[in-house]
Amino acid sequence: VVDKPAGLAVHAPGPGRAGGAYLVNGLLGRYPEIAALADADAPERPGIVHRLDRDTSGLLVVARTQRALAGLREDSPDPPGGVICRDARSRSPTGS
């Protein structure tokens, strides 16, 4: 679990643009084994189960093994369409 500060992007905006100050680069420096967890669909996100926007601070769960990654993905499936919407009044997620 990583306490991500606001202002730090989790990963590069796309494949081939990995240089720069991204949280995932720091994780790869400390835990190089997570490089093996990169998906073909998202190679810039090894071990990352979810993300937080650059300007959002909060806790981020990162897997360090394939077993942990599979378990975390099973426990936190993507919402329909991959988008979480929030009610404008209550800020509660609607899941669609």
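## Fold, core and salt bridge of a predicted model

From the N terminus on, the elements of the protein follow the order β-α-β-α. The model is a predicted one. Its secondary structure comes to 2 helices and 2 strands. The protein has 96 residues, and buried residues make up 26% of them. The accessible surface of the protein is about 6400 Å², and 52% of this surface belongs to carbon and sulfur atoms. Among contacts with a separation of 6 or more, 44% are accounted for by residues 24 or more positions apart.

### Nonpolar core

The largest nonpolar core has 17 residues, of which Leu23, Leu27, Ile48, Leu60 and Val62 touch the most other members. The element that gives the most to this core is α1, with 3 residues. In soluble globular proteins, nonpolar side chains tend to be buried together.

Val62 is one of the core residues named above. Not counting residues up to four places away in sequence, Val62 touches Val2, Leu27, Gly47 and Ile48.

### His11

His11 lies in the loop between β1 (2-4) and α1 (23-30). This residue counts as buried because its relative accessibility is 16%, and buried means under 20%. Leaving out residues up to four places away in sequence, His11 touches Tyr22, Val24, Glu44, Arg45 and Arg51.

### Salt bridge

The structure holds 1 salt bridge. Its partners are Glu33 and Arg64, with the closest N and O atoms 3.1 Å apart. The pair links distant parts of the chain, as Glu33 and Arg64 are 31 residues apart. Glu33 sits in the loop between α1 and β2 (58-60), whereas Arg64 sits in the loop between β2 and α2 (66-75).

Glu33 counts as partly exposed because its relative accessible area is 36%, and Arg64 counts as partly exposed because its relative accessibility is 43%. Both values fall in between the cut-offs of 20% for buried and 50% for exposed.

The table lists the relative accessibility of the residues discussed individually.

| Residue | Relative accessibility | Class |
|---|---|---|
| His11 | 16% | buried |
| Glu33 | 36% | partly exposed |
| Arg64 | 43% | partly exposed |

Definitions and conventions:
Residues are numbered from 1 along each chain as its sequence is written. This is a predicted model: local features need pLDDT of at least 70, side-chain atom pairs count only at pLDDT 80 or more; totals for chains, interfaces and linings use all residues. Side-chain values use heavy atoms; hydrogens and water are left out. Helices (H or I, at least four residues) and strands (E, at least two) are DSSP runs, numbered from the N terminus. Buried means under 20% relative accessible area, exposed over 50%, partly exposed in between (1.4 Å probe, protein chains only). Contact means heavy atoms within 4.5 Å. Accessible areas come from the Shrake-Rupley method with a 1.4 Å probe; for residues, only the protein chains shown count as cover. A salt bridge is a side-chain nitrogen of Lys or Arg within 4 Å of a carboxyl oxygen of Asp or Glu. A nonpolar core is a set of buried Ala, Val, Leu, Ile, Met, Phe, Trp, Tyr and Cys residues joined through side-chain atoms within 4.5 Å.
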